Amino acid sequence: MPEAVIQPEASIAPLNEAQRIVDTFVAPSKLFADVRRSAAWWGPLLIMIIVSSCFAFMVQKKVGWAAVYDNGINAVPKVKRMIESLPPDQQAVARTKGIARQPYSAYAAPVLTTIFTAIFALLVWPTINFGFGGTAKYSKVFAVFMYGNLISYCARYLLAIIVLLIGVTPESFNFNNPVGTNLGFYLFGGDSPLWLVTLGTFLDVFGIWALVVCSIGCSITGRVKRGAAAGAVFGWWVLFMLVITGFVTLVS
């Protein structure tokens with residue numbers, strides 16, 4: 001077995017869920033050695049639900065769903081022009097329905113994130129096993145990315161909650177990118193094309209940190225070199241980034 005592959009020690013005591021959550025940030029190798037023992041992921045999911053609900057509640061109180069809807073429409077020129085081409089009464093109906101949908105999509109975010117995580121893990125899993133000769137089980141790869149969500153999703157949105165508590169301007173608030181941890185945040189609302197804003201959104205401090213941590217986890221759970229695991233994780237991430245950016249280019 002290559003030296004770069006970290007093996008869990010049989011003598012290490014099992015971690016409880018609180019220890020696993022903390023180790024996501026301070027000792028990921030220790031966490032993922034324990035994930036080889038147990039692929040449980042209820043802890044990250046519970047925290048995602050709590051953080052997401054708190055964020056949605058703060059947005060409702062500090063920004064309002066009407067501003068969230070209007071800002072979202074204004075950010076996509078093609079959609080904005082399409083709505084403006086409607087008769088005034090139809091514009092009003094579309095806006096009323098759009099505003100009413102906002103809280104549902106906001107509070108459903110943990111479900112959507114979990115679904116996307118399952119799909120992304122399903123792509124990385126065979127890449128590690130068949131592409132790099134690993135022995136990963138899907139359940140463990142999925143658990144790796146669920147713990148990665150503690151960084152890319154929970155930590156980032158906890159920071160967003162703090163920003164909302166301090167105070168934000170509703171007219172400039174971007175629900176999908178609420179805090180300045182990425183380049184796209186600073187391009188939003190200016191003259192930059194939407195595809196560039198979208199591309200910049202992927203260049204996120206917390207997102208890249210999570211990808212590095214997940215690469216470590218895939219290396220340990222799949223028994224492959226760190227470089228191979230990073231190639232699988234970052235490779236699919238880059239492909240996903242290009243697909244999303246291309247789609248945004250078409251709709252904008």
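Helix 8 gives the most to the lining of the largest pocket, contributing seven residues. Welcome to this predicted model, in which local features need pLDDT of at least 70, side-chain atom pairs count only at pLDDT 80 or more, and totals for chains, interfaces and linings use all residues. Residues are numbered from 1 along each chain as its sequence is written, and side-chain values use heavy atoms, with hydrogens and water left out.

**A few terms**

- Helices are DSSP runs (H or I, at least four residues), numbered from the N terminus.
- A pocket is an open set of points on a 1 Å grid over the protein atoms alone, where a 1.4 Å probe fits, with protein on both sides within 12 Å along at least five of seven lines; lining residues have an atom within 4 Å of a point.

**The largest pocket**

- Its volume is about 2000 Å³, counted as the space filled by probe spheres set on grid points joined across faces, edges and corners.
- Of the 50 residues that line the largest pocket, Arg-156, Tyr-157, Asn-176, Asn-177 and Thr-201 are the closest to its centre.
- Elements giving two or more residues to this lining include helix 3 (42-62), helix 6 (88-107), helix 8 (138-166) and helix 12 (226-251).
- By class, the lining has 29 nonpolar, 18 polar and three charged residues (Ala, Val, Leu, Ile, Met, Phe, Trp, Tyr, Cys and Pro count as nonpolar, Asp, Glu, Lys and Arg as charged, and the others, Gly among them, as polar).

**The second largest pocket**

- The second largest pocket has a volume of about 230 Å³.
- Its lining is made of 15 residues, with Asn-74, Ala-75, Phe-188, Gly-189 and Gly-190 nearest its centre.
- At least two lining residues come from each of helix 4 and helix 10.
- Seven of the lining residues are nonpolar, seven polar and one charged.

**Helix 1**

- Glu-17, Arg-20, Ile-21, Asp-23 and Thr-24 are buried in helix 1 (residues 17-26); buried means under 20% relative accessible area, exposed over 50% and partly exposed in between (1.4 Å probe, protein chains only).
- Those buried residues fall within an arc of 165 degrees seen down the helix axis, so they line one face of helix 1; the arc is that of the directions from the axis to the C-beta atoms.
- Exposed Ala-18 and Val-26 sit on the face turned away from the buried side.

**Gly-235**

- Gly-235 is found in helix 12 and is partly exposed, with a relative accessible area of 38%.
- The C-alpha atoms of Gly-235 and Val-168 are separated by 36 Å, and the two residues are 67 residues apart along the chain.
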